[in-house]
Amino acid sequence: MECNEITQYIGKIVHIVVDRPIGYRRGDILYPINYGYVPGLLVGDGEEQDAYILGVNELIAEFDSQVVAVIHRKNDCEDKLVVAPVGNTYHQGQIATAVHFQEQYFDTRIISAFEKSCGVLPPPVAAMLERKHGCFDSLVHDVHIVSGETDLDAVISQILSK
């Protein structure tokens, strides 16, 4: 399944079977969150669609959840779903931090239902940037927050790159 196809699941409810619970170790990788798959949903590698589970900090075997994001791996054929309890929201930075233990080895892009942009800056800073750069919102519309980066770091990085 291509990235564009898998993004159609954002906002939908899916059933996850957990095969790597919190604390699972695979080689040098320790899973700090639950991880599983969507039964019957086959993807590019011929396996069932994998999913990271956020917002559930206990061991679980199965979980009905809402898809809050897709992690598109630019250098791999297997994109990942990010799911959470219905109603929970996570922006790209929160997701990147939660999945860094595994995704640090890939070139990824997070497509999420809830994305942050210029609202992350205190109003005086936003006003100063607006005066200096004109249309401030266009400067930070496509901010990509990476693991370990604060909202402010991401916006500053974006502005400096313009």
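Phe-101 is buried in this predicted model, with a relative accessible area of 13%. Buried denotes under 20% relative accessible area, exposed over 50%, and partly exposed the range in between (1.4 Å probe, protein chains only). The model is predicted, and local features need pLDDT of at least 70, side-chain atom pairs count only at pLDDT 80 or more, and totals for chains, interfaces and linings use all residues. Residues are numbered from 1 along each chain as its sequence is written, and side-chain values use heavy atoms, with hydrogens and water left out.

Phe-101 belongs to helix H2 (residues 92–103). Helices (H or I, at least four residues) and strands (E, at least two) are DSSP runs, numbered from the N terminus. Beyond four places in sequence, Phe-101 is in contact with Ile-29, Leu-30, Tyr-31, Pro-32, Ile-33 and Tyr-52. Contact requires heavy atoms within 4.5 Å. Asp-28 lies 73 residues from Phe-101 in sequence, yet the C-alpha atoms are 10.0 Å apart.

The whole structure holds 5 aromatic pairs. In one of these, the ring centres of Tyr-52 and Phe-101 are 6.0 Å apart and the planes stand at 90°, so the pair is edge-to-face. Rings of Phe, Tyr and Trp (its six-membered ring) pair if their centres lie within 6.5 Å; planes under 30 degrees apart count as stacked, over 60 as edge-to-face and the rest as tilted. Tyr-52 sits in strand S5 (residues 48–53) and Phe-101 in H2, so the pair ties together parts 49 residues apart in sequence. Tyr-52 is itself buried, with a relative accessible area of 0%. One aromatic cluster takes in Tyr-24, Tyr-31, Tyr-35, Tyr-52 and Phe-101. Another ring, that of Phe-106, has Arg-73 over its face at 3.5 Å from the ring centre. For such a placement, NZ of Lys or CZ of Arg must be within 6 Å of the ring centre and within 35 degrees of the ring normal.

Tyr-52 also features in the largest nonpolar core, which has 17 residues. A nonpolar core is a set of buried Ala, Val, Leu, Ile, Met, Phe, Trp, Tyr and Cys residues joined through side-chain atoms within 4.5 Å. Tyr-52, Ile-71, Val-82 and Ile-95 touch the most other members. S6, strand S7 (80–84) and H2 each supply at least two residues of this core. The most come from H2, with 4 residues. Apart from this core lies another, of 16 residues, including Ile-6, Phe-63, Val-67 and Val-83.

S7 is largely enclosed by the rest of the structure, because 5 of its 5 residues are buried. Lys-80, Val-82 and Ala-84 point one way from S7, and Leu-81 and Val-83 the other way. In a regular strand the side chains alternate between the two faces of the sheet.

S7 pairs with S5 in the parallel sense over 3 bridges. Strands pair if DSSP finds at least two bridges between them. Tyr-52 has Val-82 as its bridge partner in S7, and Ile-53 stands opposite Val-83. S7 also runs antiparallel to S6, joined by 5 bridges. Here Val-70 faces Leu-81. S6 and S7 form a hairpin with 6 residues between them.

S5 is mostly covered, with 5 of its 6 residues buried. S5 runs antiparallel to strand S4 (residues 34–42), joined by 6 bridges. Tyr-35 has Tyr-52 as its bridge partner in S5. The hairpin of S4 and S5 has 5 residues between the strands, and Gly-46 takes a positive phi near 80° there.

Ser-65 is placed in strand S6 (residues 62–73). Ser-65 is buried, with a relative accessible area of 0%. Beyond four places in sequence, Ser-65 is in contact with Lys-12, Ile-13, Val-14, Ile-16, Val-83 and Ala-84.

Across the chain there are 5 helices and 8 strands. Their order from the N terminus is α-β-β-β-β-β-β-β-α-β-α-α-α. Of the 162 residues, 43% are buried. Among contacts with a separation of 6 or more, 56% join residues 24 or more positions apart.
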